[in-house]
Amino acid sequence: DGVAVLPAPQNLSVHSTNMKHILTWSPVVVPGQTIYYSVQYQGEYESLYLSHMWIPSHWDSPIAKPECDVTDDITATVWYNFRVSATLGSQTSAWSILEHPFNRNSTVLTPPKTEVTKDGSHMVIELEDLGPHLEFNVVYWRSEPDAEERSKLIKNGGISVHLQTMEPGAKYCAKAQTLVKAIERRSAFSRVECVEVEGEALPL
Amino acid sequence: KTLRLGSCVISTNLQKIQSTFSEIRDSVQAEDRNIDTRILSKSLSLQDTEPSDQCCLLRRVLRLYLERVFKNYQTSDPHTLRKISSLANSFLTILKDLRLCHDRKTCHCGEEAAEKYGQILSHFEELAPQAAVVKTLGELDIFLQWLEETS
């Protein structure tokens, strides 16, 4: 069994944006050598009922970079602990544990990138694809005094969605926000985007 | 999915839990040697329970899974380990939500809940410990169907 002579990785932290969670740490440096890392995790269940048990991350093949995408390990809105060890040949470091457990409800939610276009007289929006966890609330209206806002829930990004049919000579606007049901949170709205249909406004 | 358990209403990602279990169901059920018996029998189901007792029965069955099934299921396969962890932490989330109902006095434990859970437990304890763990884990799709039918 390798003797723990390698220093344990330090400064573990989780960076989470739009439900994508990346565990990072400070690299262990041995000049001229490649260091490999192993990542394991423990959900709140394990820490309550099976505190000795640590589970190999999905990304469980030895990792050469000082980071690991742990998104697929975090499947519930509970606290998760992570630990990392370094390996060089037969030498293995001690485990280093994340200082503060991570809960996905703290993920940073950013407004989606949007593109509002017109297809003939149709108002169309395309939203950035941000992965399976995220849905979008799109609010759209005709740009006029006392305009009535309407909203539409869009389940996935990366596709064009028809919002409404537009009348000539009128301007129509839309904005969008990211929704995550699993953690019951939403992002700020994106900036407003408008399109206009040329031609004479129809007589009232 | 919204689960309606009498006046206790919670939401959970049942589809995600079902798809997680489906990844290990066949291998777990293949381990079950006691194919003539059933722990979660139809007569004990959640949906055929008085609504006012459903929350309490659910809490107890969840605790059975957390404290005696997931905890004692033995596997060395990392993939299965990860799926069990995912199921257990999802069940823990549901249990926490039900605890809020309990705090708001909307999770009453009546006679029916006690009677039905008592029968589930006696079925569980009739089997050898590890056999009971394997069978109950294998019956998770029955339990999830119960939840589906209260949603």
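Reader: How are H1(B) and H7(B) oriented to each other?

Author: This is a predicted model, where local features need pLDDT of at least 70 and side-chain atom pairs count only at pLDDT 80 or more. Residues are numbered from 1 along each chain, and chains are lettered from A. Helix H1 (residues 14-22) and helix H7 (residues 140-149) of chain B pack at an angle of about 165°, with axes 11 Å apart. Angles over 145 degrees count as roughly antiparallel, so H1(B) and H7(B) are roughly antiparallel.

Reader: Nice! Which residues of H1(B) make the contact with H7(B)?

Author: Contact means heavy atoms within 4.5 Å. H7(B) contributes B:Leu140, B:Asp141, B:Leu144, B:Leu147 and B:Glu148, and H1(B) contributes B:Leu14, B:Ile17, B:Gln18 and B:Phe21.

Reader: What about H3(B) and H6(B): how does H3(B) lie to H6(B)?

Author: Happy to go on! Helix H3 (residues 51-69) and helix H6 (residues 129-138) of chain B pack at about 135°, with their axes 11 Å apart. Angles under 35 degrees are roughly parallel, over 145 roughly antiparallel, 65 to 115 roughly perpendicular and the rest oblique, so H3(B) is oblique to H6(B).

Note on methods. Heavy atoms only, no water. Axes fitted to C-alpha atoms, helices over the stretch in contact; angles between N-to-C directions. Helix = DSSP H or I, 4+ residues; strand = E, 2+ residues; numbered from the N terminus.
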